[in-house]
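Please describe this two-chain model for someone who has not seen it before, moving from a single residue to the chains and the contact between them.

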Amino acid sequence: MSQKILEARHVNKYFHDPITVQVLNDVSFSLNKGEFVSITGKSGCGKSTLLYIMSTMDTDYQGEILIDGISMSGKQEADLALIRNEKIGFVFQFHYLLNEFSVLKNVMLPALKLGKYPEDELEHRAYEKLRILGIEAEALKKPNQLSGGQKQRVAIARALINDPLIIMGDEPTGNLDKKNSEIVFDIFKELAEVYLQSLLIVTHDNEFASRTNRIIEMEDGRIISH
Amino acid sequence: MNFKLIFSIARSLMLARWRQTMVAAFGVTFGIAMFVSLLSFMSGLNDLLDGLILNRTPHIRLYNEIQPTADQPIDMSDTHKSYHNFVKSVKPKQERPEIYNNMAIMNFLKSDNRVLGIAPKITTQVFYNVGVIDLTGAVNGIDVEAENSLFNFQDYVVEGDYIDLKNTPNSIMLGKGLAGKMLASIGDVIQLTTSRGERTQLKVVGIFQSGLQDADNTQSYASIITTQKLLGESVNYITDIQIKLKDITMAPQIAREYGKLFDVDAVDIQTANSQFETGSSVRSIISYAVGITLLIVAGFGIYNILNMMIYEKMDSIAILKATGFSGKDVNRIFTSIALSIGILGGLLGLILGFSLSLIIDQIPFNTASLPTIKTYPINYNPRFYMIGICFSLLTTYLAGYLPSRKASRVDPVIIIRGK
């Protein structure tokens, strides 16, 4: 029996502006360690909303979220920030790198915040992650000197730096061309298979989804298959 | 807390927008520089104007006022206690204006450790004889050395040397206006008549200019011994004892004490010159108000720039929060940006303010009433610099408070989904 690292229990979510709409309707699912799972569905079915609730960034919901067996209900903002820092790595559709810092520093930022290792050790680890993603040569460049695909790989390295429990992706290939999408998918696949990294990726790209271990399909705020 | 990380992020954000940061810092610099130089200048001017009177006024003056006795004999009579008296036209009794037993009083004062120094004095009315005209005026008999050490007598001597007053027998130092009227210069011998009708000839050894026109037109100085001779009095004759205290604020209290103890009239400087205190404090308030206004304007500059920076860096704030920075961390980043601007701008402001003060200190300022002043006065009190830097930190903190709070409340979901 493999370990449940992420679990949603009867999650409901409403948008109140301009009129009250139910976006998530009694959503329950769980994710085991080492799984590579994708959430698919049409635009507006609530898949991104679910991801942000699972990521602890959105706290306005009913139901319960458990990360690593611990309930996220009633936790303070600072505690949730620490959990995101330590246990969750993010990859978004847009790379969100800070242009003020070098690629290396961008990757190191979450780890510097966590402060688990001394800075030189962190630098070594950041190089390690960049090497896995094949962009160590760009480490000292500024993000705006990189191509779109390279930026997204830096974002993945940043997500990996604290050895998170799970990597969450919101349309990580949405902004990339076919070739770069392929590269990113291969990286995810490798992370899952070689490093046993758990991944939860929201995508509307059915081809991408079909190659993952498990597909959670959503429609109108409900999970219709998983 | 990982302050090193917070500072390094703050620094990078500032460097990325260094032009705006510099503009904000210059706002503070300008405010602080004006604040410091304005206060130094105002305070220098205050000291100068106060010094006009306060420096040469004793903190406490002991003298005998000529006035009728408060307790008239009729009041002391037991038989007439319940009667109402109609005695009118009571006159002061014939009494010399000297302070009795003044040697003992002076010895006592010298041993009182609250007293910085004392200077005995004789004031007497005289007529200066200029041909057929008599000019009314007054001669101040002074202990030349004590007067100089306590009241900077030599600062007001514009011609001659103050010590000649002591070293030359039968010498006098005339006010500038008076000397002009008498056409007297150093070395001349003038004649004056005392209130008792005796004529004396005195040699002019110097001319003083106090800056107070009234005094310069009527007064003159002579040594105590010369004045005693002039009046035909003994060497014990003294009409005033001037006291300078270590702490000027104690003057009213000590004046009351001495008045009772020596049975003389004692007046303190605060009572005698209360209008100067008022003038100084009003000028200080105006300078503080102007300085603080400048800093508040600079504060708005910082507020604007931080707000702009936060709108520009919304994405960065969102990703920092998504990757585990709490609202508090983000708040600290922007607060440290604000404070850095405050410290940098403030320190530059202190330097600029000091330079401005140095420049003002070099501007010529010649006025007939102030013979010792050649340039504009500046008070280099470190207190103004302390207040300046504290204010700059306070205003920048307050200016950064709202924008930092706004940044800390950025909801990463809204920003990230908005793309």
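F151(B) is found in helix α5 (residues 144–151) of chain B, where helices (H or I, at least four residues) and strands (E, at least two) are DSSP runs numbered from the N terminus. This is a predicted model, in which local features need pLDDT of at least 70 and side-chain atom pairs count only at pLDDT 80 or more, while totals for chains, interfaces and linings use all residues. Residues are numbered from 1 along each chain as its sequence is written, and chains are lettered from A and ligands numbered from 1 in the order in which they are written.

Is F151(B) buried or partly exposed? With 19 C-beta neighbours inside 10 Å, F151(B) counts as partly exposed, because a residue is called buried if 20 or more other C-beta atoms lie within 10 Å of its own, exposed if 12 or fewer, and partly exposed in between, with C-beta atoms placed from the backbone. Leaving aside residues up to four places away in sequence, F151(B) touches N55(B) and R56(B); two residues are in contact if their C-beta atoms, placed from the backbone, lie within 7 Å. From F151(B) to A338(B) there are 187 residues in sequence and 50 Å in space, C-alpha to C-alpha.

**The two chains**

Chain B has 16 helices and 10 strands. Its radius of gyration is 33 Å, well over the 22 Å that the globule rule gives for 419 residues, so chain B is more spread out than a compact globule. For chain A, with 226 residues, the value is 17 Å, which agrees with the radius near 17 Å that a compact globule would have. The radius of gyration is taken over C-alpha atoms, and the globule rule is 2.2 Å times the number of residues to the power 0.38. The secondary structure of chain A comes to seven helices and 10 strands. The table sets out further values for each chain, including pLDDT, the predictor's confidence in each residue, from 0 to 100.

| Chain | C-alpha extent along principal axes | Buried residues | Mean pLDDT |
|---|---|---|---|
| Chain A | roughly 50 × 45 × 40 Å | 47% of 226 residues | 87 |
| Chain B | about 105 × 65 × 40 Å | 40% of 419 residues | 86 |

Among contacts in chain A between residues at least 6 apart in sequence, 70% join residues at least 24 apart; in chain B, residues 24 or more positions apart account for 79% of the contacts with a separation of 6 or more. The model as a whole scores ipTM 0.86 and pTM 0.72. Within chain A, confidence is lowest in strand β10 (residues 222–225), at a mean of 84, and highest in strand β8 (residues 198–202), at 91.

**Strands of chain A**

Four strands of chain A form an open sheet in the order β2-β1-β4-β5, with antiparallel pairing; two strands pair if DSSP finds at least two bridges between them. The edge strands, each pairing on one side only, are β2 (21–32) and β5 (70–71) of chain A. Strand β4 (residues 62–67) of chain A is joined to β5(A) by two bridges, and the two run antiparallel.

Elsewhere in chain A, strand β6 (residues 88–91) is covered on both faces, with I88(A) and F90(A) buried on one side and G89(A) and V91(A) buried on the other. β6(A) pairs in the parallel sense with strand β7 (residues 166–170) of chain A over four bridges, and the bridge partner of F90(A) in β7(A) is M168(A).

Helix α3 (residues 103–114) of chain A is mostly covered, with 10 of its 12 residues buried. These buried residues pack against α2 (77–87), α4 (119–132) and α5 (148–160) of chain A, together with α1 (3–16) of chain B. Just after α3(A), G115(A) takes a positive phi of about 65°.

The contact between the chains takes 25 residues from chain A and 21 residues from chain B. On the side of chain A that touches chain B, the elements giving two or more residues are α1, α2 and α3 of chain A, and α2(A) gives the most, with six residues.
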